[in-house]
Amino acid sequence: MLAREDPYWTSLTSGKRRMAWKLNEFLATGQREVVWALDSAKAFDLYPPSRALALDFGCGPGRLTGALAQSFDRVVGVDISPSMLDSARKNYASERISFAQSTRDIESGSVDLIYSTFVLQHFPKTALVTTFEEFARLLADGGLLIFQYPEEPRWTLPGIAFKALPTSFMNAAQRYIAGFPEAMPMNWMKPQKMITVTAQAGFGVCKSVSGPRYSPNWKDTWYLCAKEAGGR
Ligand SMILES: C[S@@+](CC[C@H](N)C(=O)[O-])C[C@H]1O[C@@H](n2cnc3c(N)ncnc32)[C@H](O)[C@@H]1O
């Protein structure tokens with residue numbers, strides 16, 4: 001429902017009003033973010049040795065997909081929402097970029113980089129380990145998972161409300177006070193805990209760094225997790 005109304009704002013609210021993103025401005029945020037994230041991977045010496053295939057998991061209308069295609073031979077954007085995929089397909093007509101609704105048909109060990117921003121925070125926390133296990137299945141040895149997850153709400157009025165009030169109340173507030181067409185449930189976790197969750201799914205080295213600041217209300221952390229040779 002959110003994607004049908006405004007796929008861009010649904011992907012990145014970032015203090016914008018609905019229907020206010022210009023496509024080039026929206027895609028430029030993805031460009032800056034991917035350059036920063038891949039530079040961080042290089043700085044940590046975690047940059048994947050092969051750059052044949054990247055997966056943009058929860059790609060939305062493709063804010064990050066095109067930017068990833070500048071560093072990888074092929075990119076597949078996966079999104080559960082058919083409306084998001086329609087929008088992404090309109091934005092990219094390249095043989096090197098494809099889209100799918102699930103990771104099911106992607107061959108094990110075939111992906112060099114999995115990138116996922118502003119997606120896992122909306123999943124129930126109980127679904128994280130199985131999601132990371134699926135990522136571990138997809139990654140080649142030496143492959144890298146980069147994802148963002150909120151560390152905690154900041155001390156702003158909405159941030160304090162997220163800290164203090166139950167999720168059901170915040171979901172209702174998003175719909176009936178903020179006027180969202182549908183709620184976007186939010187989760188957060190401290191980096192120490194998140195690293196133990198990735199370890200449960202078989203990831204070894206996992207670095208956490210603060211990344212680009214998109215929202216005044218959330219402290220976000222980016223994770224760079226390597227798939228070790230012989231890992232799951
Ligand atoms: C907030 S948007 C972020 C889009 C994009 N990653 C970005 O940063 O611009 C979250 C996206 O995750 C997708 N999504 C949610 N659950 C998913 C799932 N189980 N599998 C794949 N995509 C999912 C949603 O449809 C939506 O497009």
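Start by selecting Leu128, Val129 and Phe132 in α6: these meet Val197, Thr198 and Gln200 in α9. "Meet" here is contact, with C-beta atoms, placed from the backbone, within 7 Å. By class, this contact of α6 with α9 has four nonpolar, two polar and no charged residues. In that tally Ala, Val, Leu, Ile, Met, Phe, Trp, Tyr, Cys and Pro are nonpolar, Asp, Glu, Lys and Arg are charged, and the others, Gly among them, are polar.

Some housekeeping before moving on. Residue numbers run from 1 along each chain as its sequence is written. The model is predicted, so local features need pLDDT of at least 70 and side-chain atom pairs count only at pLDDT 80 or more, while totals for chains, interfaces and linings use all residues. Helices (H or I, at least four residues) and strands (E, at least two) are DSSP runs, numbered from the N terminus.

Now show the two helices whole: α6 is residues 128–138 and α9 is residues 191–200. Two packed helices are described by the angle between their axes and the distance between the axes. Here the axes come within 8 Å and cross at roughly 55 degrees. That makes α6 oblique to α9 (under 35 degrees is roughly parallel, over 145 roughly antiparallel, 65 to 115 roughly perpendicular, and the rest oblique). The axes are lines fitted to C-alpha atoms over the stretch in contact, with angles from 0 to 180 degrees between N-to-C directions. The crossing is right-handed, meaning the near helix is turned clockwise from the far one by less than a right angle.

Next, pick Phe118, in the loop between β4 (111–116) and α6. Phe118 is not a glycine, yet has a positive phi of about 60 degrees. Is Phe118 buried or exposed? Buried, with 24 other C-beta atoms within 10 Å (20 or more is buried, 12 or fewer exposed, and in between partly exposed, with C-beta atoms placed from the backbone).

Jump to the loop between α2 (7–11) and α3 (23–43) and click Ser14. Ser14 has a positive phi of about 40 degrees, again without being a glycine, and is partly exposed with 15 C-beta neighbours inside 10 Å. Gly15, in that loop too, is exposed, with 10. Which residues does Gly15 touch beyond four places in sequence? Ser215 and Pro216. Gly15 and Ser215 are 200 residues apart in sequence but 6.5 Å apart in space, C-alpha to C-alpha.

Last stop: the ligand. Of the 16 residues around it, Ser11, Gly58, Gly60, Arg63 and Ser81 come nearest (C-beta, placed from the backbone, within 6 Å counts as near). The shell holds eight nonpolar, six polar and two charged residues.

Methods: Two residues are in contact if their C-beta atoms, placed from the backbone, lie within 7 Å.
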